[in-house]
Amino acid sequence: MALTIYNTLAREKQVFEPIDRTNVRMYVCGPTVYDFAHIGNARPVIVFDVLFRLLRHLYGEKHVTYVRNITDVEDKIIARAAERHVSIRELTEGTAKIYQEDALALGCLKPTIEPRVTDTMAEIVAMIEQLVRNNHAYAAEGHVLFHVPSDPDYGKLSRRPLDEMIAGARVEVAPYKKNPMDFVLWKPSTGEQPGWDSPWGKGRPGWHIECSAMSEKHLGETFDIHAGGIDLIFPHHENEIAQSEGAHHGKPIANYWMHNGFLQVEGEKMSKSLGNFITIRELLAEKKFGGEQWHGLVLRHAMLSTHYRQPIDWTLDRLTRSRTELMDWARLLHDVAPSADLHEDVLAPLSDDLNTPAAYAALHRMAAAARTNQEDRAHFKRALVFLGLYDNQKDADFLVGQSVDAARVEELIAKRGAARKAKDFKEADRIRAELSSMGVAIEDGPGGTTWKVMS
Ligand code: AMP
Ligand code: ZN
C-alpha cells in the first residue's frame with residue numbers, strides 16, 4: 001500500500017519514497033523542558049506516534065528510526081531555574097521525566113532515540129564551524145550568526161515575503177548583525193549562565209542549530225521526514241533547513257516536512273503565552289478539566305478524531321463523548337483476541353496522509369459489526385491496538401471499570417419498575433437519579449423501559 005504524505009515543502013500530497021527502506025528515518029521537534037507540557041503540545045506527540053506506528057507497520061519495526069529530541073539548553077530554562085531557585089539540571093531532568101511519562105500515558109511508543117542538547121555539544125560546535133568555513137556564518141562579539149543573505153533559497157519552506165519574515169521572526173536588531181534577518185547560532189555565556197568551550201569563547205547554542213545537529217548526528221545529513229507543529233515552520237524549520245543545507249553543501253536535510261494544526265480554545269491557539277492552557281498532568285491527574293480525572297487514552301482518542309492538519313477545538317463535550325465511546329469499545333472488546341492483520345479499511349485511510357477521521361468512520365462501522373460478529377470483534381480490536389487506543393489490559397480494565405455495568409443497570413431498572421408498581425414514586429425517582437449519576441438515561445415506552453449511556 002502506497003503511503004502519501006502532505007509535504008509542507010511542496011504544498012501537496014506526495015507518495016512517500018523512503019531513502020532506505022531498511023532504515024526509514026523521522027525527526028520530530030520535542031519539548032524545551034522548562035515547564036509541564038500542555039495538551040496543545042500533546043498533539044504532535046500523539047499524531048506523529050501514529051505515523052511512527054504506521055511506518056513500522058509498512059516497513060517493519062526494526063526498519064524505522066524515530067528521533068524526538070529534548071531541548072535542555074535554552075534561555076527560558078535559565079530564567080525558570082533562577083526563578084525557582086533550582087539548578088538547571090534539576091529543572092530539565094525533572095521536566096523531561098514528566099514529559100516522557102505523559103507521552104506514555106497518552107499511549108505513545110517510546111521514540112527510538114531521545115537525544116539531549118547537552119549530549120550534542122561537540123556536534124553543534126562542529127556544525128557551526130562548518131557553516132563559518134562555508135561562508136554562511138560569521139563570528140561577531142562572542143556570537144556566531146547565520147548570514148541569511150548567504151542562502152538564496154532562504155524562505156523556501158515558509159514561502160513568506162521578506163518583510164513578513166522579519167516581523168514573524170521578531171527580529172532582534174543588534175549592532176553586531178550584518179543583516180537584521182541573521183540569526184544566532186552561538187552566543188556568549190557569562191557568570192551563572194551555562195556555557196561550553198568553543199572557538200568563540202565560552203557560550204551556548206541557539207535553539208535552531210540544536211535540532212540541525214541532533215538530526216544529523218542520529219539520522220544523517222539527509223533523512224526522510226521532519227515534523228512538528230505548524231508554528232515551527234517559521235522561523236525554526238526554515239532556519240534548520242538553512243543551517244543543515246548550508247553545512248552540507250545544499251544537500252536537503254529532509255525530503256518530507258509534516259506539520260500538525262493547532263489545538264485551540266475558543267478559536268485561539270492553546271499556548272503558554274496566551275495563558276489559556278491546561279497541562280497534560282492537570283488533565284490526567286488533577287481534576288482540572290470539568291472537575292474530573294481523564295484517562296490518557298481518552299485524550300488520545302479525542303485528539304485523533306480530527307485530521308492532524310486541521311485545527312481542533314478543545315471542549316469538555318468532545319472529551320466526554322470520546323470517553324463514552326472508548327469505554328463502550330473497551331467493554332465490547334474486553335475478552336477478545338486481536339486479529340493478526342490490520343484491516344484494509346483502517347490501513348487505507350491512514351496511509352492517505354494519516355486520515356484518522358476516515359479511519360474512525362471505519363472504526364464506527366467495525367464497532368457496529370463487532371456487536372454481533374466475533375471476527376469483526378477481532379479486527380476491531382486489532383485496529384484499536386494499532387492506533388494505541390487499546391494499549392494494554394490495565395488501561396482497558398480501567399476504562400471498563402469506569403464504564404457502566406449493564407447488569408447493575410438492568411437490576412436498578414427492575415427495582416424502579418417494582419417501586420412504580422407499588423406507587424412508591426419517591427423511590428422510583430431516587431433510582432432514576434442514581435442511574436443518571438452513573439451516566440445512564442432511561443426512557444419509559446410502551447415496550448418497557450429502555451436505557452442508554454449519556455454522551
Ligand atoms: P514548544 O514547547 O512551544 O516548542 O512546542 C512543542 C511542540 O508542540 C511543537 O511541535 C509545537 O508546534 C507544538 N504545539 C505548541 N502549541 C500547540 C498547539 N496549541 N496545538 C498544537 N501543537 C502545538
Ligand atoms: Zn527542532
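This is a predicted model: local features need pLDDT of at least 70, side-chain atom pairs count only at pLDDT 80 or more; totals for chains, interfaces and linings use all residues.
A polar contact is counted here when a pair of N or O atoms lies within 3.5 Å. A nitrogen atom of ligand 1 lies 2.7 Å from a polar backbone atom of L263, so the pair falls within the 3.5 Å limit and qualifies as a polar contact. The protein covers 86% of the 480 Å² of accessible area that ligand 1 has on its own.

Two further contacts involve oxygen atoms of the ligand. At D231, a polar side-chain atom sits 2.3 Å from an oxygen atom of ligand 1. At G229 the backbone takes part instead, with one of its polar atoms 3.0 Å from a ligand oxygen. In total, 14 residues surround ligand 1, and the closest of them are G40, G229, D231, L263 and M270.

The domain assignment gives domain 1 (4–260), domain 2 (263–400) and domain 3 (406–453). The centres of domain 1 and domain 3, taken over C-alpha atoms, are 58 Å apart.

Strand β11 spans residues 263–265 and belongs to an open sheet of 3 strands, ordered β12-β11-β13 with mixed pairing. The edge strands of this sheet, each pairing on one side only, are β12 (268–269) and β13 (312–313). Strands β11 and β13 run parallel and are joined by 2 bridges; here Q264 is found opposite D313 of β13.

In one, strand β1 (residues 4–7) pairs with strand β2 (residues 12–15) in the antiparallel sense, over 4 bridges. Y6 has K13 of β2 as its bridge partner. This hairpin has 4 residues between its strands, and R11 in the turn shows a positive phi of about 55°. In the other, strand β5 (residues 137–140) and strand β6 (residues 143–146) run antiparallel and are likewise joined by 4 bridges, with A140 partnered by H143 in β6. Here the turn leaves 2 residues between the strands, and E141 in the turn has a positive phi of about 50°.

H85 has a phi near 55°, a positive value in a residue other than glycine, and is located in the loop between α2 (75–84) and α3 (88–105). The peptide bond from F234 to P235 is cis, with omega near 0°; P235 itself is part of helix α7 (residues 233–247).

Finally, there are the charged side chains. Side chains of opposite charge can pair when their charged atoms come close. The structure holds 33 salt bridges, one of them formed by R323 and E292, whose closest N and O atoms are 2.8 Å apart. This pair links distant parts of the chain, 31 residues apart: R323 is in helix α10 (residues 316–332), while E292 is in the loop between α8 (280–285) and α9 (296–304).

Terms used
Residues are numbered from 1 along each chain as its sequence is written. Chains are lettered from A and ligands numbered from 1 in the order in which they are written. Side-chain values use heavy atoms; hydrogens and water are left out. A residue is near a molecule or strand if one of its heavy atoms lies within 4 Å of it. A polar contact is a pair of N or O atoms within 3.5 Å; within protein, one must be able to donate a hydrogen and the other to accept it, and residues adjacent in sequence count only if both atoms are side-chain atoms. Accessible areas come from the Shrake-Rupley method with a 1.4 Å probe; for residues, only the protein chains shown count as cover. Two strands pair if DSSP finds at least two bridges between them. A salt bridge is a side-chain nitrogen of Lys or Arg within 4 Å of a carboxyl oxygen of Asp or Glu. Domain bounds come from an automatic or database domain assignment.
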